[in-house]
Amino acid sequence: MRLRLLIALLVLPAATAVLAAPAGLTVTVKGAKGEPVADAVISLVPLDGASIPPPAAAGEIAQQDQEFTSYVTVVQAGARVVFPNRDTVQHHVYSLSKAKKFELPLYKPGQAESFVFDVAGLVSLGCNIHEWMAAYLVVVPTPYFAKTGAEGTASVAAPGGRYRLELWHPRLAASVTAEFTLAAGEAARREFTLTLKADKRPRRGGPAKSGGYR
Amino acid sequence: MSNPRRLLLLTALVAGEALAPNGAAAAGWLDGLTVTAAGTANWVENLSRTSFAPTRKDAATYELSLDASRHEQLAPDWLLHAGAEATLFNAPAYDLTNYLKLGPRLGLQRKFGLGPYAPVLQLDTALSYKAARLDADRGWTTEASLRLARRFTPTFKAGVTSLWVGHHARSATFDLNQHSCSIDATWDFSDQWTLSGSAGRLSGDIVANAAWSVWGQAIGGGFGPVVSGYYNSRPWEVYNLYGPGWVSYNVAADVDLWSLALACSVSRHTTAEFRYSSAFVVNKIGIRYPTDSWGLSLVHRF
């Protein structure tokens with residue numbers, strides 16, 4: 001009896017450590033011709049009722065050289081995102097998206113307003129003065145997310161469990177979803193090949209003599 | 001220095017002083033300034049705007065322009081833009097036509113909604129002084145235009161423009177009072193290339209030129225009483241713009257204008273453009289003055 005208790009005491013912490021050990025998922029995203037796809041958002045939404053910690057970090061989408069500094073930004077629902085104007089000209093940042101509608105008119109250089117994005121969903125951003133300025137803020141209901149870089153890969157660390165993997169890209173007709181179980185301590189890999197639509201952003205034109213709405 | 005030049009200098013100094021009350025503000029104000037330089041080389045057929053084909057003068061012309069502008073949002077849908085432009089025109093073969101033009105510009109834009117597809121109504125005004133090499137052509141030019149433009153797709157946008165131009169020269173021969181309406185469209189058919197075109201109609205005064213051998217017959221009745229009567233009723237004088245004895249004269253006319261341009265974005269700040277423009281002038285008694293030009297330009301935003 002004593003021996004059993006001793007074994008149990010020795011095995012239990014080890015088992016707990018294995019279950020709590022962070023697992024990882026590395027996703028590779030390719031286009032139809034096998035080219036790496038950047039700016040694809042991968043999020044893992046827990047399905048087994050695990051508690052979700054509150055957002056740890058704030059996001060930032062700056063305006064610089066008459067562009068948004070990041071084309072795609074991902075934050076956890078409830079996160080605050082700041083929109084600093086680091087340009088030398090005014091901007092008029094807006095969103096008409098259901099997840100968050102807002103406007104920052106008369107937005108002068110040096111200003112840095114922020115908003116809390118507490119509803120998960122897609123927020124399309126634009127500048128009403130410089131029509132080529134476009135960006136996406138993807139608000140996800142989970143702290144487990146990542147965005148692919150130029151090489152088309154992204155890695156997400158999450159505890160073991162059952163998840164719904166969601167993959168989104170600005171040029172994808174609809175999000176790709178897949179349910180899967182991530183074993184504790186596992187380093188899983190997934191690969192997706194996407195058929196992307198044409199880029200619908202107005203092109204930044206060449207030099208123009210007058211400023212103003214363009 | 002002539003009075004208009006003094007006035008321009010004074011205006012620039014006063015405006016600069018008013019808009020930049022201290023050093024820091026001036027630096028901030030300058031930061032928001034967009035400065036653009038453009039250089040254009042043109043080959044113009046019938047630069048002389050002459051009706052009698054055998055005497056028409058073709059020539060190469062060159063233009064350099066420097067533009068500084070700034071915009072300020074006054075309210076969520078209203079944008080004010082102000083600027084100044086200097087243009088230097090040179091026709092080496094006919095240097096009496098050379099000029100320097102400079103002056104300020106002020107405009108107001110109203111955007112009807114949010115996003116790239118919202119239509120924009122734009123009112124522009126400009127005042128410039130034309131320091132022409134030919135003394136008789138020197139004077140002030142005023143311009144006002146109203147433009148409605150809209151983007152229809154990510155790659156296609158179009159607009160309609162109504163423009164009024166008045167030039168008050170030292171000699172009545174060079175006075176202009178014109179109104180034009182035009183439509184234009186721009187198609188970004190690749191990441192680098194843009195095709196654009198415009199078509200319009202201008203009504204008002206234009207300056208035409210004729211060799212004395214032709215002009216003498218025109219006013220003497222050699223081409224009939226209608227021509228003689230009309231040309232004698234309009235201001236004209238021998239200015240030798242296109243050769244000894246050449247006459248410059250002012251007529252009321254209708255002009256069909258169109259242009260086609262192919263532009264290539266060399267970099268985010270530089271664009272090269274090839275443009276063909278046509279102006280088919282018909283004066284009030286049916287005399288025609290077709291003019292065509294092919295131009296290559298380079299525009300750079302600093």
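The questions and answers below take up the two chains, their contacts and some individual residues.

Reader: What kind of model is this, and how are its residues, chains and ligands labelled?

Author: This is a predicted model, in which local features need pLDDT of at least 70 and side-chain atom pairs count only at pLDDT 80 or more, while totals for chains, interfaces and linings use all residues. Residues are numbered from 1 along each chain as its sequence is written, and chains are lettered from A and ligands numbered from 1 in the order in which they are written.

Reader: How many helices and strands does chain A have?

Author: Helices (H or I, at least four residues) and strands (E, at least two) are taken as DSSP runs, numbered from the N terminus. On that basis, the secondary structure of chain A comes to one helix and 17 strands.

Reader: What percentage of the residues in chain A is buried?

Author: A residue counts as buried if 20 or more other C-beta atoms, placed from the backbone, lie within 10 Å of its own, as exposed if 12 or fewer do, and as partly exposed in between. Of the 214 residues in chain A, the buried share is 36%.

Reader: Which domains does the assignment give for chain A, and how far apart are their C-alpha centres?

Author: The bounds come from an automatic or database domain assignment. Domain 1 of chain A covers 22-52 + 144-198, and domain 2 covers 54-141. The distance between the C-alpha centres of domain 1 and domain 2 of chain A is 23 Å.

Reader: Which element of chain A gives the largest share of the side of domain 1 that touches domain 2?

Author: Two residues are in contact if their C-beta atoms, placed from the backbone, lie within 7 Å; by this rule eight residues of domain 1 of chain A meet seven residues of domain 2 of chain A. Two or more residues on the domain 1 side come from each of strand 2 (41-46) and strand 13 (145-147) of chain A. The largest share, three residues, belongs to strand 2 of chain A.

Reader: Is A:D65 buried or exposed?

Author: A:D65 lies in the loop between strand 4 (63-64) and strand 5 (67-68) of chain A. Its phi is near 50°, a positive value in a residue other than glycine. Because A:D65 has 10 other C-beta atoms within 10 Å, A:D65 is exposed.

Reader: What is the phi of A:Q66?

Author: A:Q66 is also found in the loop between strand 4 and strand 5 of chain A. With 18 other C-beta atoms within 10 Å, A:Q66 is partly exposed. Although A:Q66 is not a glycine, its phi is positive, at about 55°.

Reader: What radius of gyration does chain B have?

Author: Chain B has four helices and 13 strands, and its C-alpha atoms fill a box of roughly 65 × 45 × 30 Å along the principal axes. The radius of gyration is taken over C-alpha atoms, and the globule rule is 2.2 Å times the number of residues to the power 0.38. For 302 residues, a compact globule would have a value near 19 Å, which agrees with that of chain B, 21 Å.

Reader: How many residues of chain B are in contact with chain A?

Author: Strand 8 (91-97) and strand 9 (100-107) of chain A each supply at least two residues of the side of chain A that touches chain B. On that side, 25 residues of chain A take part, and the number in chain B is 33 residues.
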